[in-house]
Every structure is written in structure tokens, then in C-alpha cells.
Amino acid sequence: MDITLRFFASVRETVGTSQESITLPPGVATVGAVRRHLAGRGGAWEQALSQERVLRMAFNQVMCDADTQVKGAAKSPSSRP
């Protein structure tokens, strides 16, 4: 699934971009999983998106928490009921 990400404030300044389109890998199905996936790039990404940092996140312009499902993303087999 392809998604467009938008970065604001200190995250934008740290990673050096305000927007990016990516294809989600299998198993990345929540907003928190997207954050962990991007932080896994290391360097500035890890610094900006570290789990120790409190960040506000939104999905489709609605504030949400890390457990919010990314609509249309495929869940990993281990997360299916």
C-alpha cells in the first residue's frame, strides 16, 4: 500500500523533508508501526521518531494514537485474530 507522509516542525527540520511517499512493507499496519519503520532507517530518522519523543500523529488529518490502523494496510499474519 502506498501512503503519503507529511512531517511538521522539529521532525521536518531533523529529517530534512516535509513530505514523502512510501510503500508500506508487510506487517506495517498501524500509525505506530509506520513510525517504528521510519525510525529504523537510523540517523536523523531515528533521532526524530524515537519512541522516547512525544509526538502528535494524525491519520487522514485526524489526530490519533499509535494503535490506529492504516486503512488498507495488510496486517502481519501474527496480528490476525
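What volume does the largest pocket have? Keep in mind as you read that this is a predicted model.

1. The volume of the largest pocket comes to about 810 Å³. Its lining counts 25 residues, and those closest to the centre are Leu5, Arg6, Phe8, Met57 and Ala58.

2. Where does the lining come from? At least two residues each are supplied by β1 (2-6), α1 (9-15), α2 (31-39) and β3 (57-59). β1 gives the largest share, with five residues.

3. Next, please look at the partner of β1. β1 and β2 run antiparallel and are joined by five bridges. Within this pairing, Arg6 stands opposite Gln19 in β2; Arg6 is also among the residues closest to the centre of the largest pocket.

4. Glu20 and Ile22 make up the covered face, while Gln19, Ser21 and Thr23 are on the uncovered one.

5. Glu20 deserves a point of its own. This residue sits in strand β2, which spans residues 19-23. Which side chain does the side chain of Glu20 meet in a polar contact? That of Arg41, at 2.7 Å. Leaving aside residues up to four places away in sequence, Glu20 touches Ile3, Thr4, Leu5, Phe7, Arg41 and Trp45. One of these, Leu5, is also listed among the residues closest to the centre of the largest pocket.

Terms used:
Residues are numbered from 1 along each chain as its sequence is written. This is a predicted model: local features need pLDDT of at least 70, side-chain atom pairs count only at pLDDT 80 or more; totals for chains, interfaces and linings use all residues. Side-chain values use heavy atoms; hydrogens and water are left out. On a 1 Å grid over the protein atoms alone, a cavity is a set of points where a 1.4 Å probe fits but cannot get out, and a pocket is an open set with protein on both sides within 12 Å along at least five of seven lines; lining residues have an atom within 4 Å of a point. Grid points are joined across faces, edges and corners, and a volume is the space filled by probe spheres set on the points. Helices (H or I, at least four residues) and strands (E, at least two) are DSSP runs, numbered from the N terminus. A polar contact is a pair of N or O atoms within 3.5 Å; within protein, one must be able to donate a hydrogen and the other to accept it, and residues adjacent in sequence count only if both atoms are side-chain atoms. Contact means heavy atoms within 4.5 Å. Buried means under 20% relative accessible area, exposed over 50%, partly exposed in between (1.4 Å probe, protein chains only). Two strands pair if DSSP finds at least two bridges between them.
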